[in-house]
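Have a look around it before reading on.

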Amino acid sequence: MPKPSASASRRAKRAPIEVQPPASPPPPVAPASGPINNYQAAVKFLYDRVDVERSRPTSLSRDVFKLDRMRRMLELLGNPHESIRCVHVAGTKGKGSTCEMTASCLEACGYTVGIYTSPHLVDVRERVRINRKMIPHPDFTRIMARLAEVSDALPVGKTKPSRASGPSGGGRARAGADGPPTFFELITAAAFVYSAEQAVDVAVSECGLGGRLDSTNVIIPEVCAITSISLDHTQLLGDTLEEIAREKAGVFKPGVPVVTVQQPPGVLEVFREVAAKVGAPLHVVGEDIDFSLRFESSSALGPHARVCLTTERNAFEHLPVPLKGEHQAYNCGLALAILDKLCERGFQTPESKVTRGLERVECPGRLEMAWDSPRIVLDGAHTPDSVWCLMKAIGAHVAYDSMVVIFGCAADKDARGMLEHLALGADKVIFTRAAGNARAADPRELQRHFTEICGKVSQTALHLGEALDLARRAVGRDDLICITGSFYLIGDAKKHLKDLASKRTGAGS
């Protein structure tokens, strides 16, 4: 049974040694000589790989989506993921928020917590953190150098399929896979290695694309969670909610409890079918697990939600939800359900400490007020449902006269669905695109769709900086600028605003 970390020594880094055959715990990655000898070289190596997140679906080979290569790479590293107790979070919307709330609560309960999320907004190291601190530059460089060596050692050519041990074909690969590892495979492996080296008590891992063939799906977690399911990545995951749900359910493992929120009937039918076939106990928050929420306003917290979740082990009563919006209340309920299932496996999560953990939650890019004058709010909503939730949340939590929205999304997204919801809240929209993203939709096409939908005032801008200049000229003191549609656009905004803040500080010094 794991116990809370008692001292800094529990978190001390193990001294790097040479990689050995698979063992428990695995050996940490040894320093490597070669071309990757500084942080810039490490980042370049990573960004030179195929990046599924930034690629158009039509340009991707089927070989990108397989787990053999990931398993083989981890074997060469000593299977670090096998020494880590994990939480696995999949779904369409709310994965990052659920991961952040879960990790913060576990940290407040005294555990050393690794967290792996995607995408990042500004710094790639945001994806790999322990107790909210990003992996240090030297560790990132060292681990990436070793991953470069491992990449070169992977066999090339046709290989035998791996031995299946779960719904997605678990077990260790007997040979490598075609082609070099992708960006996501490498950064996922780096997260496993770093968490193992730091001897975390538990690691919270966010699934990337889908679930069944996602690079994170090599772990056997303590508990698996599925957030809200909606249509997204349809070119890769399927055209219906049921098809997407089946891909997400590919993370179910025999004997591993699964918790999820209330879903459309067809989605729950798929989950129940897969869970029964695999032998994974399935629990639905609000159905199998007692859950309720209410909204209130106070001088200390302003408008906010409070949630209750009660089981035989825990009574989480009237806990304030740290993130704004009704959808975040359900994500919070899911995080509490994860904690409850961890209690079954020996973790201790007293309500007082869980409450403290929720108070400490930080989740950039989710209804984040990033600038005061003019007021600028950032949110990475990138599906029709998430844009609808954003418009509702802004109406409930932010007072304003008029709202100018800066919008950009990927070309393979349901742009028209997002724009229909955007038209309900925006007084004016400025369309732009994230820098350097091949998936970004043409702002002129977005504007054309928007004009067909509602005919409201709109403009286009070549980049985020130009869009912000246009927006500033269009708003007054009591107005609001909202930037949304893509986490990559949010990343551009955070970089741009950081540069503005630096210039302002420099001018005043």
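Let's begin with strand β6, residues 223-226. Val223 and Ala225 point one way from this strand, Cys224 and Ile226 point the other way, and all are buried. Buried here means under 20% relative accessible area, exposed means over 50%, and partly exposed is in between, using a 1.4 Å probe and protein chains only. Strands (E, at least two residues) and helices (H or I, at least four) are DSSP runs, numbered from the N terminus.

Before going further, a word on where this comes from: it's a predicted model, in which local features need pLDDT of at least 70, side-chain atom pairs count only at pLDDT 80 or more, and totals for chains, interfaces and linings use all residues. Residues are numbered from 1 along each chain as its sequence is written, and side-chain values use heavy atoms, with hydrogens and water left out.

Now for the neighbours of β6. Strand β1 (residues 86-90) runs parallel to β6, joined to it by four bridges, and β7 (residues 258-260) also pairs with β6 in the parallel sense, over three bridges. Two strands count as paired if DSSP finds at least two bridges between them. Cys224 in β6 stands opposite His88, and the bridge partner of Cys224 in β7 is Val258.

On a 1 Å grid over the protein atoms alone, a cavity is a set of points where a 1.4 Å probe fits but cannot get out, and lining residues have an atom within 4 Å of a point. Points are joined across faces, edges and corners, and a volume is the space filled by probe spheres set on them. Searching the whole structure turns up one cavity of 30 Å³ or more; the largest cavity has a volume of about 60 Å³. Helix α5 (183-197) and strands β2 (113-116), β3 (128-130) and β5 (202-206) each give its lining at least two residues. Tyr116, Arg129 and Phe192 are among the lining residues.

Thr188 is buried, with a relative accessible area of 0%.

Finally, confidence. pLDDT, the predictor's confidence in each residue from 0 to 100, averages 86 for the protein, and 84% of the residues score at least 70. Over residues 1-26, though, pLDDT is below 50, and the model gives this stretch 66 contacts beyond near neighbours in sequence.

Terms used
On a 1 Å grid over the protein atoms alone, a cavity is a set of points where a 1.4 Å probe fits but cannot get out, and a pocket is an open set with protein on both sides within 12 Å along at least five of seven lines; lining residues have an atom within 4 Å of a point. Contact means heavy atoms within 4.5 Å.
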